[in-house]
Amino acid sequence: MGNRTKVRTMPLLPLRGLLVYPSMVLHLDVGREKSVKALDKAMVEDSLILLCSQSEANMEEPDQDDIYRIGTVSKVRQMLKLPNGTIRVLVEGIIRAEILEYKDTAEYYEVEIKELPEQLVPDPEIDALMRTVLTQFEHYINLSKKVTPETLAAVSDIEEPGRLADVICSHLSLKIKDKQEILETVNVRARLEKLLDILNNEREVLELERKISQRVKKQMEKTQKEYYLREQMKAIQKELGDKEGRAGEVEELRAQLAEAELPEKAHERVLKEIDRLEKMPATSAEGGVIRNYIDWLLALPWSKQSEDDLDLDHAEQILHEDHFALEKPKERVLEYLAVQNLVKKMKGPILCLVGPPGVGKTSIARSISRALGRQFVRVSLGGVRDEAEIRGHRRTYVGAMPGRIIQGLKTAGSNNPVFLLDEIDKMAMDFRGDPASALLEVLDPEQNSTFSDHYIELPFDLSNVMFVTTANSAHNIPRPLLDRMELLYIPGYTELEKREIARHYLLPKQESEHGLKEGQLELEDEALATIIRRYTREAGVRNLEQQIASLCRKSAKKIVSEQLTKVEINQENLKDFLGPAKFRYGMAEVEDQIGTVSGLAWTEAGGDTLVIEVSIVPGSGKLTLTGKLGDVMKESAQAAFSYTRSKARELGIAADFHEKNDIHIHIPEGAIPKDGPSAGITMATALISALTEIPVSREVAMTGEITLRGRVLPIGGLKEKSLAAHRAGIKKILLPKDNEKDIQDIPESVRDELTFIPVSHMDQVLEHALVEQPFSRQEPVAPHHDEQWEEQVQP
Ligand code: ADP
């Protein structure tokens with residue numbers, strides 16, 4: 001290199017986006033007019049040309065200032081004219097050179113140059129530098145993948161340090177500016193160091209790139225995986241006939257809507273909700289809420305109705321078929337149906353069946369539905385204290401549901417069922433609103449054609465529904481409701497009626513339910529009577545039915561396990577089936593006792609007998625009452641006590657008894673709260689018996705209010721009380737004279753077996769109740785009228 005001329009002129013070819021180092025051989029396509037001319041000029045001389053890069057690659061006609069001043073003197077090895085007019089040349093870089101001066105710039109650039117030979121001072125560190133550069137280059141190759149490993153092999157063979165730097169640099173994808181910097185560094189050691197810098201830098205950049213690309217790849221893989229899984233799920237759902245998630249669901253709902261005959265408003269609402277649902281993601285909770293609402297709207301019997309059977313004879317036949325006795329209620333039900341039949345619309349009062357449990361209230365309502373050919377729904381109102389239970393919760397509530405009325409209608413599946421509202425007297429009221437007023441709207445024919453449930457939001461027509469209600473006692477029905485209802489009392493059954501019901505209704509029903517054929521179970525009359533008397537004590541027949549069911553169950557088991565053809569049940573073996581008797585019947589087992597008297601009470605479970613006990617212990621005159629008594633009953637006890645004190649001398653009781661004794665009045669079997677004044681004479685009798693120590697006749701039971709002066713005042717519920725006394729095996733009933741007229745209401749079979757003794761004063765009560773008269777009455781104050789009273793009530 002040293003023997004070349006240092007300064008000379010030659011044509012210049014500006015390069016765009018490209019740089020040539022000494023000892024590099026490469027093709028160039030030359031198209032610019034000035035460049036072609038420069039080439040021509042070189043070819044006519046010594047084929048040498050200076051290749052310098054432009055600082056801006058896209059500049060068509062670069063100025064002197066736009067061309068780097070240092071370039072490479074190169075030799076043109078070949079020239080080829082391409083069809084498009086450009087010339088392809090093969091050039092070989094020879095030596096760095098610097099432009100000293102531009103000689104000509106018109107046709108092409110001719111420059112005066114100075115060659116720049118390598119500056120290399122012998123230096124032991126150069127070798128080390130070369131090795132480091134090579135290792136760094138190797139890393140670079142590994143990372144970049146743009147350079148082949150063969151290049152590395154070729155590069156490793158280069159011994160001249162300057163050339164090594166040039167060649168490596170030519171393989172790097174660098175900006176022209178950086179490449180030019182290497183070109184301009186004539187000092188070899190400095191060049192190697194600069195290259196090392198560049199390599200380090202590049203490697204860092206590449207590593208960063210790799211990291212980023214890996215992360216991107218991972219992310220891509222994850223999304224792809226999810227996408228793939230989701231597609232798979234869709235495919236599975238499709239296989240299962242589920243269509244594609246919500247899309248299928250929505251389609252199905254639309255089809256259901258098309259089939260359901262909804263009123264216009266409801267139809268529109270469902271349509272709107274389906275649209276909303278469609279936009280929800282398949283898993284969203286709100287979607288579930290909307291879906292639930294749509295299902296309710298679609299399921300309600302907006303316009304579904306059953307055809308009424310208005311044949312009264314048929315209705316009568318069904319009522320008789322299902323129920324024994326109950327003549328009055330049946331009659332009343334038929335009248336009611338006849339009126340409805342004429343009016344053609346359920347208007348007017350709502351039927352309310354009032355009576356103790358198990359007397360057939362539910363069962364009558366069911367028969368009405370059967371007679372009319374309507375659906376039957378029963379909803380119990382017992383314990384309902386929240387308006388929302390009647391009218392539903394707003395949809396904004398979590399887990400909101402329609403109220404019981406709408407729920408009942410959905411169950412019925414028609415909009416004109418017989419709808420039994422059970423235990424309407426057991427509703428409560430508290431801060432959550434008044435269920436009774438909501439119910440009022442339900443039962444009011446003026447309002448119920450547009451009944452609105454909070455959940456459903458759209459008005460539902462209840463005017464075709466036939467509501468029937470039941471209650472144990474009319475007292476507890478809220479007044480406004482009571483005004484809308486027609487009460488139909490069912491008092492309870494006599495023993496005779498119970499026997500008939502058991503024989504003809506309960507037994508056949510239970511036999512068939514337990515798979516027993518006719519004749520397989522033989523129940524003797526006596527045994528049936530014992531079940532009624534000693535295993536049950538109730539106004540209705542609910543427990544009786546349970547006892548019979550248990551007989552059937554045990555018989556069925558016996559027949560199967562012992563392979564019998566039939567089972568006979570009589571007085572003797574009854575215990576084996578039902579266990580020991582639960583109640584006492586009749587007073588035969590009871591002795592005449594001091595201070596213990598049978599009273600008669602009326603409760604919601606029908607009439608009941610109630611035993612009052614009085615005990616006297618030495619003390620200071622306290623009057624204690626125990627056994628779940630109401631206030632009225634306590635006052636009544638006070639009255640009895642005052643009366644006794646005022647009569648003490650006459651009755652032969654020490655005048656100061658109340659100062660030296662404590663008196664304890666107790667009413668056992670206190671599970672059912674008792675109240676009312678009708679135990680007045682009973683308490684007085686018990687008190688006097690205890691004080692005089694004269695026993696009370698075990699056959700007598702009594703009912704009547706007492707005044708301070710000993711008069712006996714009338715009471716209510718005589719019929720129920722008589723039935724209860726009869727059930728308990730009592731023979732004689734003392735009743736207020738003013739209640740004598742009620743005796744005719746008592747069923748004949750019961751009347752026949754009881755003796756009724758009307759009384760108007762305590763004196764008469766004591767006469768009949770105490771087994772002997774107090775000694776002071778050896779000379780009676782008033783004449784006896786025993787026989788006369790009894791005669792009056794004998795049929
Ligand atoms: P309630 O609703 O008054 O509590 P249910 O209607 O549930 O009473 O009656 C209890 C059971 O007694 C039912 O199986 C019913 O069929 C039966 N029952 C009640 N009264 C009669 C009757 N008069 N004739 C036939 N079965 C009756």
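Trainee: Between which domains does the ligand lie, and why?
Mentor: This is a predicted model, where local features need pLDDT of at least 70, side-chain atom pairs count only at pLDDT 80 or more, and totals for chains, interfaces and linings use all residues. Residues are numbered from 1 along each chain as its sequence is written, and side-chain values use heavy atoms, with hydrogens and water left out. Domain bounds come from an automatic or database domain assignment. Both domains give residues to the shell around the ligand, so the ligand lies between domain 3 (312–487) and domain 4 (495–578).

Trainee: Which helix gives the most residues to the shell around the ligand?
Mentor: Helices are DSSP runs of H or I, at least four residues long, numbered from the N terminus. α12 (361–372), α17 (495–513) and α19 (542–561) each supply at least two shell residues. The top contributor, with 4 residues, is α17.

Trainee: How far is a polar side-chain atom of R542 from an oxygen atom of the ligand?
Mentor: Look for polar contacts, pairs of N or O atoms within 3.5 Å. A polar backbone atom of F324 is 2.8 Å from a ligand nitrogen atom. For R542 and a ligand oxygen atom, the distance is 2.4 Å.

Trainee: Is R191 buried or exposed?
Mentor: R191 is found in helix α6 (residues 188–239). Contact means heavy atoms within 4.5 Å; leaving aside neighbours within four places in sequence, R191 is in contact with residues including R96, E118 and D166. Buried means under 20% relative accessible area, exposed over 50%, and partly exposed in between (1.4 Å probe, protein chains only). With a relative accessible area of 0%, R191 is buried.

How values were computed:
A polar contact is a pair of N or O atoms within 3.5 Å; within protein, one must be able to donate a hydrogen and the other to accept it, and residues adjacent in sequence count only if both atoms are side-chain atoms.
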